[in-house]
Amino acid sequence: LPEASTSVRLQAGLILRNVKELWVTLLIVATVNLIRRNAPDTSKQWRTSSQEWYRTIVHDLELDECWKVKPLMNGQQLIKELGLEKGPQVGLYNQQQLYWMLQYPHGSLQ
């Protein structure tokens, strides 16, 4: 992915990890809200935009169910491989690992 796409993928992935399965419902609610707040003749435009967002999230960005993704390395593995001591530092490495995984969904330990 180009650099801009990895940034968008990370931001969208972080949002989806927070709202989990509710993301589709939230997309529908946002669409309905936009339709209600704008001119009636724009409803088709908002529905189409909503469908495009759904397609982008599911197919292009491959983010559907990203909240279920487990880190490539668990805390114990991080401690062993990086020579870390137990503590908050392990959590920071875990968080960075998840950020990387959201940006590069086909990445591996290699």
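This is a predicted model: local features need pLDDT of at least 70, side-chain atom pairs count only at pLDDT 80 or more; totals for chains, interfaces and linings use all residues.
Trainee: Which side chain meets that of Asp 60 in a salt bridge?

Mentor: The cut-off for a salt bridge is a side-chain nitrogen of Lys or Arg within 4 Å of a carboxyl oxygen of Asp or Glu. Here the side chain of Arg 55 meets that of Asp 60, with 2.7 Å from N to O, and Arg 55, at a relative accessible area of 39%, is likewise partly exposed.

Trainee: How many salt bridges does the structure hold?

Mentor: There are 2; one of them joins the side chains of Glu 65 and Lys 68, at 3.6 Å from N to O. Glu 65 is partly exposed at 40% relative accessibility, and Lys 68 is partly exposed with a relative accessible area of 49%.

Trainee: At what angle do the axes of helices α4 and α5 cross?

Mentor: Angles of 65 to 115 degrees count as roughly perpendicular. The axes of α4, residues 75-82, and α5, residues 88-103, come within 10 Å and cross at roughly 105 degrees, which means that α4 is roughly perpendicular to α5.

Trainee: Which residues make the contact?

Mentor: From α4 come Gly 75, Leu 78, Ile 79 and Leu 82, while α5 contributes Val 90, Tyr 93, Asn 94 and Gln 97.

How values were computed: Residues are numbered from 1 along each chain as its sequence is written. Side-chain values use heavy atoms; hydrogens and water are left out. Axes are lines fitted to C-alpha atoms, for helices over the stretch in contact, and angles run from 0 to 180 degrees between N-to-C directions. Helices (H or I, at least four residues) and strands (E, at least two) are DSSP runs, numbered from the N terminus. Angles under 35 degrees count as roughly parallel, over 145 as roughly antiparallel, 65 to 115 as roughly perpendicular and the rest as oblique. Contact means heavy atoms within 4.5 Å. Buried means under 20% relative accessible area, exposed over 50%, partly exposed in between (1.4 Å probe, protein chains only).
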